[in-house]
Amino acid sequence: MKSKQELIKAVKEHPLPRHIAIIMDGNGRWAKKKNLPRLKGHQVGTRAVKKIVQISGEIGLPYLTIYAFSTENWRRPNDEPKAVLSLIERTLMKEIKELDENDVIIQFIGSRNGLPASMLKKMDNAYEMTKDNTGLHLLVAVNYGGRMEIIEGINKLLKEKKDTISLDEFANYLYTKGIPDPDLLIRTSGELRLSNYLIWQIAYSELYFTDILWPDFSQEEFLKAILDFQNRSRRFGGV
Ligand code: IPE
Ligand code: IPE
Ligand code: MG
């Protein structure tokens, strides 16, 4: 197996994707395998997030979008939704200073409906504090659903009484306004589906699936996914 430095060197020989989107899946199964509560899996998962954000900055990736909590995750039993949201909030508070020092822009995307006002405020403040940074642009999808995003965009349009709109204009009605579409989508834990993630934006993304559970996903695995992407031929319907 190649070392991290060797992988970085190999990745730098080809153009980087501009935007990578990740479905961070498998926290619960990781915990179950170790006979730990599911929440422990989510906690250890935040360490993997930190490592992937670091390596993204290190190689100069422009945009990274991570799926932290979906509009469907409210269906989970017990207090898991609440516990996951609280973990996201606490992790943000713990990491914001270092993210800012590392020149990261942190932005949250998702529906604002149903999130506590105190959490929305922290998310807004984090963006305000970092929006002029020039390093990695990190988007965290919280209370995010691709269909909800499209419907919220359409409702905005209806309020503005627009009757026709172009493809490019419509993209400005999404949470990802101004952000280029992902070039590469990575999903961990072996599930082969999109789970309502960025369904508009991902229309032409390259897909990469790995069986590794999110808490075990390493910087090396991330670099391997990028190398795999760099060996693909993207045609966008052309030849
Ligand atoms: C992904 O891990 C994190 C969230 C959806 C919040 P899961 O919690 O879905 O883990 P599995 O799929 O049950 O293993
Ligand atoms: C997608 O994972 C959502 C996040 C990673 C936050 P899920 O574990 O919720 O997706 P399904 O239920 O397996 O489709
Ligand atoms: Mg899952």
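Predicted model: local features only at pLDDT ≥ 70, side-chain atom pairs only at ≥ 80, totals over all residues.
**Around ligand 2: a short tour**

Which side chains make polar approaches to the ligand? Let me go through three of them. For S195, a polar side-chain atom sits 2.6 Å from an oxygen atom of ligand 2. For R193, an N or O atom of the side chain is 2.8 Å from a ligand oxygen. For R187, the distance from a polar side-chain atom to an oxygen of ligand 2 comes out at 3.3 Å. As for burial, ligand 2 taken alone exposes 380 Å², and the protein buries 78% of that.

Now let's move to T188, which belongs to the loop between β5 (184-187) and β6 (206-209). Is T188 buried or exposed? T188 is classed as buried because its relative accessibility is 0%, and the cut-off for buried is under 20%. Leaving aside residues up to four places away in sequence, T188 touches I23, M24, D25, T210, I212, L213, W214 and F217.

Most residues other than glycine have a negative phi. N143 has a positive phi of about 55°, and N196 has a positive phi of about 65°. Where do they sit? N143 is in strand β4, residues 137-144, while N196 is in the loop between β5 and β6. N143 has a relative accessible area of 2%, so it counts as buried. N196, at 16%, is buried too.

Which residues make the nonpolar surface patch of about 260 Å²? They are I151, I154 and L158. L158 is part of helix α6, which covers residues 146-159. With a relative accessible area of 54%, L158 is exposed, because the cut-off for that class is over 50%.

So, to recap the ligand site: S195, R193 and R187 each bring a polar side-chain atom to an oxygen of ligand 2, at 2.6 Å, 2.8 Å and 3.3 Å.

How values were computed. Residues numbered from 1 in each chain as written. Chains lettered and ligands numbered in written order. Heavy atoms only, no water. Patch = residues over 30% accessible without salt bridge, like charges linked within 9 Å, V, L, I, M, F, W, Y side chains within 5 Å. Areas by Shrake-Rupley, 256 points an atom, 1.4 Å probe, with all protein chains shown as cover. Salt bridge = Lys/Arg side-chain N within 4 Å of Asp/Glu carboxyl O. Helix = DSSP H or I, 4+ residues; strand = E, 2+ residues; numbered from the N terminus. Buried < 20%, exposed > 50% of the residue type's maximum accessible area, 1.4 Å probe, protein only. Polar contact = N/O pair within 3.5 Å; in protein donor to acceptor, adjacent residues only side chain to side chain. Contact = heavy atoms within 4.5 Å.
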